[in-house]
Amino acid sequence: MKGKALLWFVLVFVRSVTGQISYMMPEEMQKGSLIGNIAQDLGLETKRFISGKARIYTRDSGEFIELNRDRGVLLVKDRIDREALCKQMMPCALHFQIILENPMEFYTVTVQITDINDNAPNFEKERIDFKISESAVIGAKFVLERAVDLDVGINDLHRYELKPTDNFALKVHNNADQKKNVEMVLQKPLDREKQDEIALVLTAFDGGEPQMSGTMVIVITVLDANDNAPVFTQQIYKATVIENSSKGTVVATVTASDADQGSNGRITYSITNTLDDVKKVFEINKETGEVTLMGNIDFEESHDFQINLRASDDGGLTDSCKLIVDVQDVNDNIPEINIMSKSNMISEDAKLNTVVTMINVEDKDTGNNGKVQCFLENSIPFMLKPSSNSFYSLLTDSDLEREITSEYNITVTCSDEGVPSLSSSVSLTLQISDVNDNTPVFERSLYEAYIVENNTPGLSIFTVKATDADWNQNARVSYILEDSSVNGVPVSSYVSVSADSGVIHAVRSFDYEQIKDFQFLVKAQDGGSPPLSSNVTVKILIQDQNDNPPQVLYPVQIGGSVLAEMVPRSADVGYLVTKVVAVDVDSGQNAWLSYKLQKSTDRALFEVGLQNGEIRTIRQVTDKDAVKQRLTVIVEDNGQPSRSATVIVNVAVADSFPEVLSEFTDFTHDKEYNDNLTFYLVLALAVVSFLFITCLVVIISVKIYRWRQSRILYQSSLPVIPYYPPRYSDTLGTGTLPHVYNYEVCRTTDSRKSDCKFGRAGSQSILIMDPSSTGTMQRIQNERSILDEPDSPIEVRIQLMAAVDQGVHN
């Protein structure tokens with residue numbers, strides 16, 4: 001209401017200046033196309049549009065037309081589709097007003113949109129289906145779907161065309177609304193048997209330039225009409241049937257055809273005989289036309305049959321024919337085989353011509369049709385022997401072997417001499433019982449197995465396997481270790497065999513160095529009665545392990561003695577000092593030895609051959625080289641892991657034996673210096689110190705005790721009775737002990753190693769204990785000059801003397 005009031009207000013106060021102008025333009029013009037010069041057509045100047053702020057006022061057309069103020073023209077603002085804008089309405093126009101201000105004035109503008117041929121005729125469906133009976137009359141009409149063209153005028157739908165026109169014609173007529181109705185008129189009868197489906201194409205054309213069209217496919221299905229009667233392929237059919245044929249035997253098949261379709265072409269067969277017994281003997285399948293037996297036929301009763309047949313469709317149309325059946329007299333009785341007695345099992349050691357079973361054969365026919373011959377179908381070690389009229393015996397024809405064939409399926413066939421011959425057969429199954437006639441057979445004629453020495457007792461070495469071609473208990477194999485000896489020892493102390501599985505186990509741990517291989521016999525024995533057996537030789541090969549270290553043969557290591565190799569100081573480079581000889585009781589690479597110099601007094605002076613163990617000088621010997629040379633050689637084998645042994649080689653670098661003797665006097669002590677000596681030295685010093693302190697404490701305690709006793713006796717009036725300890729003697733009245741205890745402490749000057757020597761009491765000689773020797777030696781004190789040498793130990797002798805004087809009490 002407010003908008004209407006404002007518009008009324010404007011219309012009242014504007015200058016009464018009105019005008020109307022019309023334009024015409026085709027649809028689908030491009031954006032920006034010129035419609036008309038509105039300023040010129042209204043008689044206004046262009047600047048008036050600018051000053052008056054000219055604009056377009058419309059409710060529904062402003063989106064298609066725009067005003068250019070600067071030029072005073074109307075332009076296409078957006079694509080204009082007449083069909084979308086006005087559909088089928090004519091004329092189609094856009095109405096709007098041009099409004100100017102200062103002073104206010106407006107002009108009405110009409111733009112008429114003309115149609116162009118931009119739409120082709122179009123059917124709603126691309127295909128339409130009709131079902132028309134072939135009995136349809138000429139002139140029958142069928143209304144078709146009309147096409148639609150969105151264009152108008154001359155561009156609208158103009159005409160229709162139908163192809164092909166063999167059976168149908170097209171009829172078009174106008175309705176009251178000026179729309180064309182399209183009909184399809186039958187002008188030629190339809191025949192489904194010739195053509196059951198017809199395809200037509202309806203085309204609609206418009207009147208525009210260029211001309212446009214649309215199509216629709218018309219599919220006509222021709223429905224059947226019952227205009228054809230059934231027709232048999234033959235008027236007389238002939239067939240032959242054998243007497244005594246079983247019920248359901250197909251005698252013949254008759255066939256009729258009907259050109260119609262559906263129920264009009266569905267044929268039903270029937271027998272039309274009434275006075276005879278044909279319907280009791282034969283029957284016909286209503287759908288397939290098969291004539292089958294439903295009763296017995298005997299040639300002696302009837303030689304032939306004449307059957308009247310009829311074919312009818314569902315429309316009531318019929319056709320008839322005859323079937324003549326000849327009955328053929330044939331050998332219609334087969335031989336009958338009866339097994340009188342039989343055995344289901346026979347031993348494989350049965351003798352030739354052993355009777356297995358008896359057979360009786362009968363044929364109810366006579367003449368040649370009743371003469372019977374029997375035979376075995378398969379090639380088997382049996383034969384049939386006629387024993388009397390109609391009796392046969394089944395006998396063994398060759399030796400039986402259950403291991404080859406354990407069961408026979410015997411088929412006995414008997415045929416008569418009729419034409420055609422009839423035969424029958426019977427099958428029986430015969431089991432061959434086993435006889436223990438096969439010995440166990442090992443898989444190999446000789447078994448060889450390897451086992452690594454130092455094995456665990458009870459270790460499974462390998463398995464022997466024997467098979468027996470017999471069956472059941474006769475084929476059950478047990479394994480037994482045959483009694484034999486290896487190096488005078490029963491083989492059972494080396495190996496054992498499992499009776500059931502044939503697994504051979506090691507009873508003991510083997511040592512390759514003691515025994516390298518041995519062999520024995522294993523017997524395979526079956527469970528038959530009597531049992532059969534066979535033997536096989538088993539050879540066990542012991543494989544070496546690196547379980548023995550090398551043994552040094554030279555130089556010989558003798559405890560307590562010093563063996564030294566002499567090398568003159570004039571020896572040249574490569575001088576052969578000695579050769580370390582070692583052996584390894586292992587074999588193979590475990591016995592390959594290599595020699596290495598582990599320790600040496602002077603490594604720059606000697607070398608050891610890696611393979612031969614030869615010790616040679618590697619430089620010229622000089623006067624500065626020490627006389628005493630100590631070499632430690634390690635001998636290693638090539639096993640995994642490697643094992644080794646060491647040997648100490650003493651070498652004296654000197655030109656004369658006295659020089660060597662003076663230098664090697666105390667050499668034996670140096671030989672046993674090792675890391676453990678320090679421990680023993682400290683232990684000995686601790687023991688000696690403990691004994692020394694204990695002796696002092698005991699002596700002082702005894703002195704004090706005796707002094708106190710003497711004081712008590714002195715103060716009393718009791719007589720004094722002196723007490724003497726055991727082994728005490730008052731020698732020369734001095735009161736001293738008769739024994740002298742010597743403690744000798746020795747230290748070396750070259751290392752932390754030390755030695756202790758203890759002397760026996762009351763002795764005029766010194767007892768020296770050498771840990772490297774097996775006995776003792778006594779050295780007279782006058783030989784102490786040897787200790788004065790620089791390499792000799794420093795001797796400290798402590799003498800403890802104690803005396804108890806009986807006369808001294810204070």
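Student: Let's start with tyrosine 408: is it buried or exposed?
Tutor: Keep in mind that this is a predicted model. The relative accessibility of tyrosine 408 is 11%. Buried means under 20%, so tyrosine 408 counts as buried.

Student: How many aromatic pairs are there?
Tutor: Take the rings of Phe, Tyr and Trp, and pair those with centres within 6.5 Å. By that rule the count is 13 aromatic pairs.

Student: Is the pair of phenylalanine 232 and tyrosine 269 stacked, edge-to-face or tilted?
Tutor: The two ring centres are 6.1 Å apart, with the planes at 50°. Under 30 degrees would be stacked and over 60 edge-to-face.

Student: What kind of aromatic pair do phenylalanine 382 and tyrosine 408 form?
Tutor: Their centres lie 5.5 Å apart and there are 80° between the planes. Over 60 degrees is the cut-off to pass, so this pair is edge-to-face.

Student: Which strands does that pair link?
Tutor: It joins distant parts of the chain, 26 residues apart. Phenylalanine 382 is in strand S28 (residues 382–388), and tyrosine 408 is in strand S30 (residues 407–416). That makes the linked strands S28 and S30.

Student: Over to strand S5: which residue there is the bridge partner of leucine 67?
Tutor: Strand S4 (residues 65–68) runs antiparallel to S5, joined by four bridges. On the other hand, two bridges join S5 to strand S2 (residues 34–36), also antiparallel. Glycine 36 has leucine 74 as its bridge partner in S5, and for leucine 67 the partner is likewise leucine 74.

Student: Why do Val73 and Leu75 point one way from S5 and Leu74 and Val76 the other way?
Tutor: All of these residues are buried, whichever way they point. In a regular strand, side chains alternate between the sheet's two faces. That puts Val73 and Leu75 on one side, and on the other Leu74 and Val76.

Student: Last one: what is the relative accessible area of glycine 609?
Tutor: Glycine 609 sits in the loop between strands S48 (606–608) and S49 (614–617). Leaving aside neighbours within four places in sequence, it is in contact with Tyr595 and Glu614. The cut-off for buried is under 20%, and glycine 609 counts as buried at 19%.

Notes:
Residues numbered from 1 in each chain as written. Predicted model: local features only at pLDDT ≥ 70, side-chain atom pairs only at ≥ 80, totals over all residues. Heavy atoms only, no water. Buried < 20%, exposed > 50% of the residue type's maximum accessible area, 1.4 Å probe, protein only. Contact = heavy atoms within 4.5 Å. Pairing = 2+ DSSP bridges. Phe/Tyr/Trp six-rings, centres within 6.5 Å; stacked < 30°, edge-to-face > 60°.
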